Amino acid sequence: MLLTTSVGSFPKPDYLAKARTQFSRGEITEEELHALEKKATAEVIKFQEEIGIDILVHGEMERGDMTTYFAERLEGFGVSGLVRSYGNRYYRKPVVLGEVKRKAPMTVETFKFAQSLTSKPVKGMLTGPYTMTDWSFNEYYPTRRDTALSLAQVIHQEVADLEKAGAKYIQIDEPALSTRPEEIDLAIEAMAIVTKGITAKTISHICYGDFSKIYPRLLDLPVDQLDLEFANSNFANLELFRNPKFTKEIAVGVVDVHSHIIETKEQVKANIKKALEVFPLEKVYIDPDCGLKTRSVEEAQAKLKVMVEAVREVKQELGIK
């Protein structure tokens, strides 16, 4: 109980950020870049093992953006120029130009490499069909529904391959869902295609939106676990989940990934205890609010360390081994 995990991305070390720039300029080969991505992935896995996280992530060292990465590997996509996502963050927005097809597995080899480094479970990590649709331009399909359901078919293929490769936890992120509550039915329809027949534990991460507009319909999203941010909003959404009762497993964000400030152990313990007032202990996982790539390596590590230490003390206080 109270297993610890992370949402997905970790900050890239300086040597990898430099290498990505060098690769974009043609100064190093793809093989040289991949070797450094593997080095950084191994460091992420080692760090999580050292501090005692239960369910690991590979850190997404090979990804620049959660939509463009997949668009570049799918048939039917092009990529536009830079578009602002939030703050001073920009991404190259994908463009659907033709029928979307998967040319080859997109994440399986990276998952297998990361899993080979540890005996603990490593999550398979994907971006969901609704978010891929919402964060792309569409110049091919007649409707957003057509786009989302076509993407759901290819993402299902990837989920099935991750399961065959041994993934026990597969996370399909849908951060766009909370920003367009009027389309939650479409997101549910698409996710049903993605997870159909999958026996691995499925998770969806959603963050930074008005959950009151999608709850309790959110419980119909066909995944085993929802991973939601709470710390950034000082748990303002928590009361929402008392009634109707939250029925799925939940991963609770207890540290704020948008703040440079490192929470104290007592603050994180208090956050965990707030969550346990609403969610059943046996259904609660603990993690940060969102991916950690916007923090420095030192900040990300410090936040995860204090999170694990806080969980350890709460478990001791509750008599959980």
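Q: What is the volume of the second largest pocket?
A: The second largest pocket holds about 180 Å³. A volume here is the space filled by probe spheres set on grid points, which are joined across faces, edges and corners. Before we go on, please note that this is a predicted model, where local features need pLDDT of at least 70 and side-chain atom pairs count only at pLDDT 80 or more, while totals for chains, interfaces and linings use all residues. Residues are numbered from 1 along each chain as its sequence is written, and side-chain values use heavy atoms, with hydrogens and water left out.

Q: What makes a residue part of the lining of the second largest pocket?
A: A lining residue has an atom within 4 Å of a point on a 1 Å grid over the protein atoms alone; a pocket is an open set of such points with protein on both sides within 12 Å along at least five of seven lines, whereas a cavity is a set where a 1.4 Å probe fits but cannot get out. The residues that line this pocket include Phe-235, Asp-256, Gln-267 and Lys-274. The lining divides into four nonpolar, four polar and three charged residues (Ala, Val, Leu, Ile, Met, Phe, Trp, Tyr, Cys and Pro count as nonpolar, Asp, Glu, Lys and Arg as charged, and the others, Gly among them, as polar).

Q: How many cavities of 30 Å³ or more does a search of the whole structure find?
A: The search finds two.

Q: Which element gives the most to the lining of the largest cavity?
A: That is α6, with three residues. Phe-70, Met-106, Leu-151 and Glu-158 are among the residues of this lining, which has seven nonpolar, one polar and one charged. Helices (H or I, at least four residues) and strands (E, at least two) are DSSP runs, numbered from the N terminus.

Q: Why are α1 and α2 called roughly antiparallel?
A: Helix α1 (residues 14–24) and helix α2 (residues 30–51) pack at an angle of about 160°, with their axes 10 Å apart. Axes are lines fitted to C-alpha atoms, for helices over the stretch in contact, and angles run from 0 to 180 degrees between N-to-C directions. Angles under 35 degrees count as roughly parallel, over 145 as roughly antiparallel, 65 to 115 as roughly perpendicular and the rest as oblique. The pair is therefore roughly antiparallel.

Q: Why are α8 and α9 called oblique?
A: Helix α8 (residues 265–276) and helix α9 (residues 297–318) cross at roughly 55°, and their axes come within 8 Å. With that angle, α8 and α9 are therefore oblique to each other. Their contact (heavy atoms within 4.5 Å) has nine nonpolar, no polar and seven charged residues.

Q: What is omega for the cis peptide bonds that join Tyr-215 to Pro-216 and Asn-243 to Pro-244?
A: For Tyr-215 and Pro-216, omega is about 15°; for Asn-243 and Pro-244, omega is about 0°. Pro-216 sits in the loop between β7 (201–206) and β8 (225–228), and Pro-244 in the loop between β8 and β9 (249–253).
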